[in-house]
Amino acid sequence: MATIRTNRRDFLKIAATATGGLLIGFGWSSCDTPKVQVLSTEEVLAKVHNFNSFLSISPDGDIVIYSPNPELGQNIKTSFPMIVAEELDADWGKVRVLQAPLDNKRFERQLTGGSGAMPHSWERLRKAGASAKFVLLAAAAAKLEVPQEELYAEASMIYHTNSKKKISFGEVVMDAANLEIPEEVPLKDPKDFKLIGTPVKNVENQAMFTGKPLFGLDFYREGMVNAMIQRAPFGMKIKSVDDSAARSVKGVTDVVVFKNNVAVVGTSTWPLMKAKRMLKVEYEPDGAVESTFDHDRLFAEMLNSKTAQVMRSDGDVDAAFANAAQVITAEYQCPFLPHAPMEPQNFFAHVKEDSAELIGPTQTPDRARMETARLLDIPVENITVDITRLGGGFGRRLMADFVVEAAELSKIIEKPVKVTWSREDDNTGGGYRPAVRYKFSAALDEDGNMIGYKLRGAGMNAGNTTRENNFPSGAVPNVLIENINHRSTVTTNAWRAPITNFLAYAEQSFLDEVALAAKKDPVAFRLELLKKAKNEPVGQLGYDVDRMIGVVEGAAERSNWGKNSGVKQGFSVYFSHRSYVAQVADIEMENDQPVLKRITAVTDCGVVVHPTGANHQVRGGIVDGMGHAMFGNLTFENGLPKQRNFDSYRLIRMKEVPEVNVHYLDTGFEPTGLGEPALPPTGGAIANAIYAATGQRLRAQPFIEQKEYSSLNLQIKRA
């Protein structure tokens, strides 16, 4: 059993709740000494906002656990409380989970992004449950007149081993509220977990199945108005507005021009959608008007430029290539992509003279509050943010543009307003995954050893297009990695597994090319490089060699790599967001046509808290990665994307998903990221399988638009 210190930075507060129970809060960033506070119900209600994360237990045994992070399908609203309940030894059937409002003084990191919630909160949540159990056991020991060390908790009951006496949490909760927490509290040995690692039902399943109003689009408040907004193309500004026809639509109450936007305000979204189409807005250039034609030209210039930002330089690359027996060079490219969540952007705002109320689906409630405060010059503490369930995000809702515009419009019209984006608004209003291109070169010696490696990345608003410390860096003696970034007026932001969502495909496809040029098996080639990185590392390693070897060997074993006659396989492995994922794609030939039948994935993400949620994230990442590699494309003309709805922007369909087999390695590590790591390797595994089956090397996405793909007639079937 491990113990954990409740030091000056991690003190507890315990108090009676509104129902007379126990409430525990953790001030993770506080410098107070460890202590317990006993407060009256009124004091609790008054001071509850001083707590960080907390749970409460009532005398009748009901347990409330607040889940602070936005839920967008990653199952955080179920998995976080599971950790608290595990250490508490609570009866899960008596746990009620509530979405907490924004309060980052209590909850600290309160966002959904970067696959970072679980790694950040794992120990904190365990401590919350363990500390509560400690005082409950202490109170029970006093009441039963037995030593505390002879007690154990199970399903919200406390048992005395020798006398068979028992008592419920609810019966001792008031006594527990008067006890002090020690500096160290015991944590469970993972082998004793009973709830963690089990497929607990999602706490919102019933509400979703029965159509309860969970999402931002469901939000309604008496007295609010609705609005939809016409936004300008990238690189253009409003020249004139004729709103006479729009104002004539029944249900439209106002038309407002602000900044570069035209808002139509009214009673409901249906008349607003009709009125918005009747707006006559004339635009004029305001800088560069974006087009894919110009982007292609700029990429060619960047990849061939004589200068670039050096991100990594190991050994003597020039000498390695000069002395190489063989040099392999290839370019890979990917397009802009929208996030395309099923629920388009929307937000409610009610701005008053010196305060604002914000409600809706956001991945970053604190960013929404901060940007609103700056725009309206309102103190941050006067702005509240309530989080609804998110109908998808993939990074789009990390931005706060849709929140800020709702707040700005509310202030202008002096009314509470909900702004709703249409699908077309969402696809044309940005931001997007940045478009990037890569040029790779590898130098091989006479024995097929990779002695030199060069990568130049070029991007549009991509920042650093490389991950210079990722594999195969560290495994090759001579390495040069460079980056060039072009600033355009197209709005870009994080898109599921930023940069690596494409870089992994490019790197893993290129490694496949190098392995085949060296006349080596692609899996054996990767293992050879990884063993070099382990035994003779060069420079900084951004990955754990043993964990990567583990998933490589695991995926090869579980997919029967190279052992199934008639099956052509493609391999890929990647490390991102602290987790390791290797994948194998299987293609079989039927009637001389390639059929993609299955993908096998092996993941090392440490402890799997909630297997059902984990499977959803891994499978979802694979399907997402497959769909965008195969079909996703966003091209620009006259400052606007040409693909504005699902009739022209192609997403993968249910029938196009092959069998996906998911496995996890039990490595004993604490939980690491899971929402994103499964996506990056997928494109590489599929592209390498297509090459193995057909000899066609796909170096650009989407695959279906490449000339090499045109004659493949790739089919997808479940095995």
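The model is predicted: local features need pLDDT of at least 70, side-chain atom pairs count only at pLDDT 80 or more, and totals for chains, interfaces and linings use all residues. Residues are numbered from 1 along each chain as its sequence is written, and side-chain values use heavy atoms, with hydrogens and water left out.

Start with two helices. Helices (H or I, at least four residues) and strands (E, at least two) are DSSP runs, numbered from the N terminus. Two packed helices are described by the angle between their axes and the distance between the axes. Helix α2 covers residues 76-88, and helix α4 covers residues 117-144. Their axes come within 6 Å and cross at roughly 35°. Axes are lines fitted to C-alpha atoms, for helices over the stretch in contact, and angles run from 0 to 180 degrees between N-to-C directions. The crossing of α2 past α4 is right-handed (the near helix is turned clockwise from the far one by less than a right angle).

Which residues make this contact (heavy atoms within 4.5 Å)? On α2 they include Ile76, Phe80 and Ile83. On α4, Trp122, Leu125 and Leu136 are among them. The contact residues divide into 13 nonpolar, three polar and three charged. Here Ala, Val, Leu, Ile, Met, Phe, Trp, Tyr, Cys and Pro count as nonpolar, Asp, Glu, Lys and Arg as charged, and the others, Gly among them, as polar.

Now turn to the sheet. Strands of a sheet pair through backbone hydrogen bonds, either parallel or antiparallel. This open sheet has seven strands in the order β13-β14-β11-β21-β18-β19-β20, with mixed pairing. Two strands pair if DSSP finds at least two bridges between them. β13 (252-258) and β20 (383-387) are the edges. Each has a single partner strand, so one side of each is left without a neighbour in the sheet. Neighbouring strands are turned by 20° against each other on average, direction ignored.

Strand β19 (residues 356-360) runs parallel to β20, and five bridges join them. Ala356 stands opposite Ile383 in β20. Helix α11 (residues 365-376) packs on the sheet and touches β18 (346-351), β19 and β20. Its direction makes about 150° with that of β20. Helix α12 (residues 401-413) packs on the sheet as well.

Next comes helix α14, residues 500-517. At 1.5 Å a residue, its 18 residues should span 26 Å (1.5 Å times one less than the number of residues). The end C-alpha atoms are 25 Å apart, which agrees. Is α14 mostly covered or open? It is mostly covered, with 17 of its 18 residues buried. Buried means under 20% relative accessible area, exposed over 50%, partly exposed in between (1.4 Å probe, protein chains only). Lys519 follows α14 and has a positive phi, near 60°.

Some loops also hold backbone details. Ser115, in the loop between α3 (104-107) and α4, has a positive phi near 50°. Ser115 counts as buried, at 14% relative accessibility. Asn560 has a positive phi of about 55°. Its place is the loop between α16 (545-558) and β25 (567-576). Asn560 is partly exposed, at 35%.

Finish with cis peptide bonds. The bond from Phe471 to Pro472 is cis, with omega near 15°. Pro472 lies in the loop between β23 (450-460) and β24 (479-486). The bond from Gln701 to Pro702 is cis, with omega near 0°.

How values were computed:
Contact = heavy atoms within 4.5 Å.
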